[in-house]
Amino acid sequence: MAILFKSTAAATARWRPYLTAAWPDRDLRFWPETGDKAAIDYALVWHPEPGLLSSLPNLRLIVSLGAGIDHILRDPALPAGIPILRLVDPHMTQAMCEYIALQVLRLHRRDLDYLTQQAAAEWREHKQKNASERPVGILGFGVLGQAAGRTLQGLGFDVAGWSRSAKVVPGFATYSGAEGLDALLSRSEILVCLLPMTPETEGILDARLFARLPRGASLVNAGRGRHLVEADLLAALDSGRLSAAVLDVFRDEPLPPGHPFWRHPRIVVTPHVAAETNPATAAPIIAAAIADFEAGQPVANLVEVARGY
Ligand code: NDP
Ligand code: OXD
């Protein structure tokens, strides 16, 4: 009974001591040293290369080393019928709350304008609102969206969330489906994307969506790069339809050096760090989930593969 770990070399070095501590008696294999593949029951993966998982004949469970599972589902050879567990870790949730609070405050308080003015030694005040006068919309009102929403609400923002299924979340206006999206967009001066990447959400941040936001609204995308139609964002910023964007995720990561986002005065780029996985807290969470799985107990955060997230 062996456990295979597959991520980047740097992540493997970070995870190794915590995995060893979580499973002192298990046969841990660190990719590319897989050993006898028939002995592997569990695969802990981040961006496994296509075909790796189907090459493990006795695999019982796939564990995503992140909250998203798009990096697993993109494998055309993904073996059918193997359950997938995604990572839900309060440490990561807290990190996302911090990131969203930072970026929403930055947009709310016109930080980009003041930085530009500072560069030009220009002393000029802009009209200022309180957070309660700033409606924020969150696309993707799941674990991370709701937690970020609560953090923003704590800062005084007027927050609403959009999800696939209708839901009641005490204290929030909630919307779902196509009609709900219109209603959410029309009220959102700052739009935060925390959606998972699925065929339904790919390219959702496009010109049609931007046109339904109040003029001059701004965007934070910490979901996935493929949610955004990059050319539509550049056009919306040029025309003033959007005033600014903060982007943590990109179609191509790392973002290529010549990409126009790097030097755009109205775009803030962060290198997919909104909520990094933290091995010290994540390894025990994964070990506990695998223990439940082996004991035949209900396992929290198993993904409905057909739903895509
Ligand atoms: P959850 O599964 O808990 O939440 C996903 C939310 O998106 C749910 O509210 C879901 O609706 C909604 N949703 C899914 N599909 C649609 C759709 N077609 N229309 C409307 N709403 C939809 O995921 P998490 O909150 O844990 O994570 C969300 C994403 O955040 C991850 O998939 C990942 O892409 C990204 N992420 C980014 C990180 C970063 O560092 N930048 C770090 C971690 C995650 P419903 O509630 O009805 O199911
Ligand atoms: C994740 C991520 O999905 O870091 O966890 O993007």
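This report describes the predicted model of one protein, from its overall build to single residues.

## Ground rules

Residues are numbered from 1 along each chain as its sequence is written, and chains are lettered from A and ligands numbered from 1 in the order in which they are written. In this predicted model, local features need pLDDT of at least 70, side-chain atom pairs count only at pLDDT 80 or more, and totals for chains, interfaces and linings use all residues, while side-chain values use heavy atoms, with hydrogens and water left out.

## Overall build

The protein holds 10 helices and 12 strands. These are DSSP runs, numbered from the N terminus: helices (H or I) have at least four residues, strands (E) at least two. The C-alpha trace spans about 65 × 40 × 35 Å along its principal axes.

Of the contacts with a separation of 6 or more, 62% join residues 24 or more positions apart. A contact means heavy atoms within 4.5 Å.

## Surface and charge

Buried residues make up 49% of the 309. Buried means under 20% relative accessible area, exposed means over 50%, and partly exposed lies in between (1.4 Å probe, protein chains only). The accessible surface comes to about 14,500 Å², and carbon and sulfur atoms account for 55% of that surface. Areas come from the Shrake-Rupley method with a 1.4 Å probe; for residues, only the protein chains shown count as cover.

There are 30 positive and 32 negative side chains. The centres of the two sets lie 4 Å apart. Lys and Arg count as positive, Asp and Glu as negative; His and the chain ends are not counted. Each charge is placed at NZ of Lys, CZ of Arg, CG of Asp or CD of Glu.

## The five-stranded sheet

Five strands form an open sheet in the order E2-E1-E3-E4-E5, with parallel pairing. Strand E2 (27-30) and strand E5 (84-85) stand at the edges with a single partner strand each, so one side of each has no neighbour in the sheet. Two strands pair if DSSP finds at least two bridges between them.

Strand E1 (residues 2-6) is joined to E2 by four bridges and to E3 by five. Phe5 stands opposite Phe30 in E2, and its bridge partner in E3 is Leu44. Strand E3 (residues 40-45) is mostly covered, with six of its six residues buried. Four parallel bridges link E3 to strand E4 (residues 61-64). There, Val45 has Ser64 of E4 as its bridge partner.

## Strands E6 and E7

Strand E6 (residues 135-139) pairs with E7 in the parallel sense over five bridges. Ile138 stands opposite Gly161 in E7. Strand E7 (residues 158-163) has five of its six residues buried.

## Loop residues to look at

Two peptide bonds are cis here. One runs from Trp31 to Pro32, with omega near 10 degrees; Pro32 lies in the loop between E2 and E3. Another joins Glu253 and Pro254, with omega about -5 degrees. Pro254 lies in the loop between strand E11 (242-247) and helix H9 (260-263).

His47, in the loop between E3 and E4, has a positive phi near 50 degrees. His47 is partly exposed, at 37% relative accessibility. Arg110 sits between helix H3 (90-108) and helix H4 (111-119); its phi is about 55 degrees.
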